[in-house]
Amino acid sequence: MNDIRTAEGGLRLRSHCIHLDNRELLSITGVKDVGSFNEREVTVFTDSGGMTVEGEGLHITKLDLDAGQVNIEGEICAIEYDDAPQPERGSFLSRVFR
C-alpha cells in the first residue's frame, strides 16, 4: 500500500478524496478494498471506514488498489459513509481460497 510514514516513523493514514462529475463519473482515492459491487450498489473500504455508492447502471471502470483508486460510472444517486473503519480482511484471493 502507499501509506505515508511520518518523520517520527509512525504510520499516517492515506488521504481520501472523492470527485463527482455530473452525477455520472465518480473518482475515489484512498481505497483499500472493494467489498461488493453490482449495477445498483458499490461498497468500498478506506482507511477511514466504509463507503457505499448507490445508483443505476453502475460500472467500475478503473480499479487500482495499489494506488488506492477506483472510478465508477453510471447514474449516481447517493454516497454514504460508515462510521467505523473496517477490520483487515485479507486480499480477495485469500478470502476465496479459505
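Reader: Which side chains meet in a salt bridge?
Author: The side chains of arginine 40 and glutamate 56 do, at 2.7 Å from N to O. A salt bridge places a side-chain nitrogen of Lys or Arg within 4 Å of a carboxyl oxygen of Asp or Glu. The structure holds one such bridge.

Reader: What should I know about the model itself?
Author: This is a predicted model, in which local features need pLDDT of at least 70 and side-chain atom pairs count only at pLDDT 80 or more, while totals for chains, interfaces and linings use all residues. Residues are numbered from 1 along each chain as its sequence is written, and side-chain values use heavy atoms, leaving out hydrogens and water.

Reader: Is arginine 40 buried or exposed?
Author: Arginine 40 counts as exposed because its relative accessibility is 54%; the cut-offs are under 20% relative accessible area for buried, over 50% for exposed and partly exposed in between (1.4 Å probe, protein chains only). Glutamate 56, at 36%, is partly exposed.

Reader: Changing topic, which residues have a positive phi without being glycine?
Author: Asparagine 22 is one of them, with phi near 55°, and arginine 23 also has phi near 55°. Most residues other than glycine have a negative phi.

Reader: And how exposed are those two?
Author: Asparagine 22 is exposed, with a relative accessible area of 63%, whereas arginine 23 is partly exposed at 48%.

Reader: What is isoleucine 28 in contact with?
Author: Leaving aside neighbours within four places in sequence, its contacts (heavy atoms within 4.5 Å) include Val44, Met51, Val53 and Ile72.
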